Amino acid sequence: MAERTLNGEVYYPAEDIVSNSNVPDRAAVTQAAESDLAGFWNQIAEENYEWFEPWHTTLDSSEAPFFKWFVGAKTNIVHNALDRHIKTWRRNKVALIWEGEPGDRRTLTYHQLHRQVGRMASVLRAMGVRKGDRVTIYMGRVPEIVIAMLACAKLGAIHSVVYGGFSVEALHGRIEDSHSKVAITCDGAWLRGNIVPLKDIMDEALHRSPTVQNVIVVKRTGQEVHMEPGRDLWYHDLLNLPIADPYCETEVMDAEDPLFILYTSGTTGRPKAILHTHGGYMVGTSTTLRTVFDIKEDDVWWCAADPGWITGHSYIVYAPLILGATSLMYEGAPTHPFPDRWWKLVEEHGVTILYTAPTAIRGLMRFGESWPERHDLSSLRLLGSVGEPINPEAWRWYHRVIGKERAPIMDTWWQTETGNFMITPMPETPLKPGSASLAFPGVKLDVVDEEGDPVPANEEGYLVITTPWPAMMRTLFGDPDRYVSTYWERFSKDGEWIYMTGDSAKRDEDGYIWVIGRVDDVIKVSGYRLGTAEIESALVSHPTVAEAGVIGVPDELKGNIIKAYCILRQGIEPTAKLADTLREHVGYEVGPIAKPATVEFVNSLPKTRSGKIMRRVLRARALGQDEGDLSTLQPD
């Protein structure tokens, strides 16, 4: 255990947590990685995974910033997540425990999951899906979303999962951009006792998406849905056909072959299609999960995210299966039908590690301590936080009420782009509420000023990453120039490539990193990234709106809420009813998560002389803060 000499509010891990941990000494591992980065990852990759053919180069920087890892190696992430396990005693170990919101339950062993993935992969292959083809997946939190993702990867197809909370326009845009050949969806999903009409939304999106040839529909909620003849097929019917062979062969992939694309909001233009690959992503995600959460064979791991986001990709689907872990997945809302639903799940399934978002923690805090106190939460050994910086008050409640002041909180910072944890504690790390602590071994970070020079301790600056890592995104699908300009041009100089995270942060006197928030025009609501441009475009698409500006305003529950400023077209009167109409319009165009909390009608918006909306001025006005330098402001 580290000596107790740290500054500020510090929580030290219990002796038994440290003594029973299988995680190696952090300082020693960090030193090894710093002395030989390629050798560090080379050893990890050799010792923990099966490769069809070895690599000849661990890290290739010759075309930086298009870095490559394990160059020349042949593998498939599904081979390491499923195929190799069924040759061992893990064959009959439970891979996935699933509970639906209405209370129905299923379990899948590694053997059963392997067969289900093989059958869906065989169906996709019969539909003509081949290596490199894109498949859009738009589903709720059901086992079939995991099966669909793995089936695509098994064939070498590139899956593009769209979060089931996004609606028509967002789904259509992502299908169109990816040129998907096949789509997989459900008739609906359960959420807070209601049905989310996934198939209806998919149908409307596909009216404008001619690339999709077939739609596979999983029956979940059972209501009547339209089935387009010649295009739509029920999943359960397909599984009864001879083509649904459980022994579908796993495609041999190059380590650098694409695994998936996942869209994340940008500050301007269309959402960015982040591309990850088989080899490096496999090594990075599973290494970080094993190291940070000390995964043991008897653990029940619960990542309470949605598979439609990177957290679900990395830490529901891929990393736990690669490690041979048992995971819990829950379909619905944490407070349905009562605010103890999560705590009941922890008790009934013996969850040992819970990984969730600060917004969920804050939401459950509202109901007080009596709900969790009704349940035995003693199985919990470690807790985790993801999605946004966790405010100290929520951290303390989570630690005291849920962790019983014993389970340490692994507060992780990372991004869709990074693929895995980048700043994180380990079980032995002394914790400071609100800080994600230290860089993961092998990751080198800095906090810099406008010129790219390191700032002093406790001074805010730009958070940057100065070394490549295996699970890093490789490019933006179909847009390599945007990849370079968005992430690498700002601070790279003198032949040294510096990755710009887009977040501001400060480093304290103990070296702990405190992530503050976005420096660009992306709003984080309940841990989800939403682009201002996407929301503003939705508002302006309404016939009453001439211009719109959108900002994020701090909110105790959601982290941020969306506030919209709208200039109405001539002759349109501002009313409360119209404000509600515009909120619903954004929900339709982008998704319910993107609805503005408030819509304010204004006569003008602060703009630069080049016409760019100055959102920082809007934000300062909303918060009653100093508006700063207005020299570039366009006169009214």
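This is a predicted model: local features need pLDDT of at least 70, side-chain atom pairs count only at pLDDT 80 or more; totals for chains, interfaces and linings use all residues.
S437 came up on my list today: at 1% relative accessibility it counts as buried (buried is under 20% relative accessible area, exposed over 50%, partly exposed in between, with a 1.4 Å probe and protein chains only). Its phi is near 80°, a positive value in a residue other than glycine. I found S437 in the loop between strand 20 and strand 21 (445-448); helices (H or I, at least four residues) and strands (E, at least two) are DSSP runs, numbered from the N terminus.

Residues are numbered from 1 along each chain as its sequence is written, and side-chain values use heavy atoms, with hydrogens and water left out.

Next I looked up E405, another non-glycine with a positive phi, about 60°. E405 sits in the loop between helix 15 (392-402) and strand 20 (409-411). Buried or exposed, this E405? It is exposed, with a relative accessible area of 57%.

Then the cis peptide bonds. Most residues other than glycine have a negative phi, and most peptide bonds are trans. The bond from A64 to P65 is cis, omega near 10°, and P65 is in the loop between strand 1 (57-60) and strand 2 (68-71). From H336 to P337 I also noted a cis bond, with omega near 0°; P337 belongs to the loop between strand 17 (326-330) and helix 12 (341-349).

On to helix 11 (residues 310-322): 13 of its 13 residues are buried, so it is largely enclosed by the rest of the structure. Just after helix 11, G324 has a positive phi of about 75°.

I checked N80 in helix 4 (residues 77-83) too. N80 has 0% relative accessibility, so it counts as buried. What does N80 touch, leaving out residues up to four places away in sequence? Its contacts (heavy atoms within 4.5 Å) are Y49, E50, T75, H85, M282, L321 and I322.

Last, cavities. A cavity is a set of points on a 1 Å grid over the protein atoms alone where a 1.4 Å probe fits but cannot get out; lining residues have an atom within 4 Å of a point. I count three cavities of 30 Å³ or more.

Definitions and conventions. On a 1 Å grid over the protein atoms alone, a cavity is a set of points where a 1.4 Å probe fits but cannot get out, and a pocket is an open set with protein on both sides within 12 Å along at least five of seven lines; lining residues have an atom within 4 Å of a point. Grid points are joined across faces, edges and corners, and a volume is the space filled by probe spheres set on the points.
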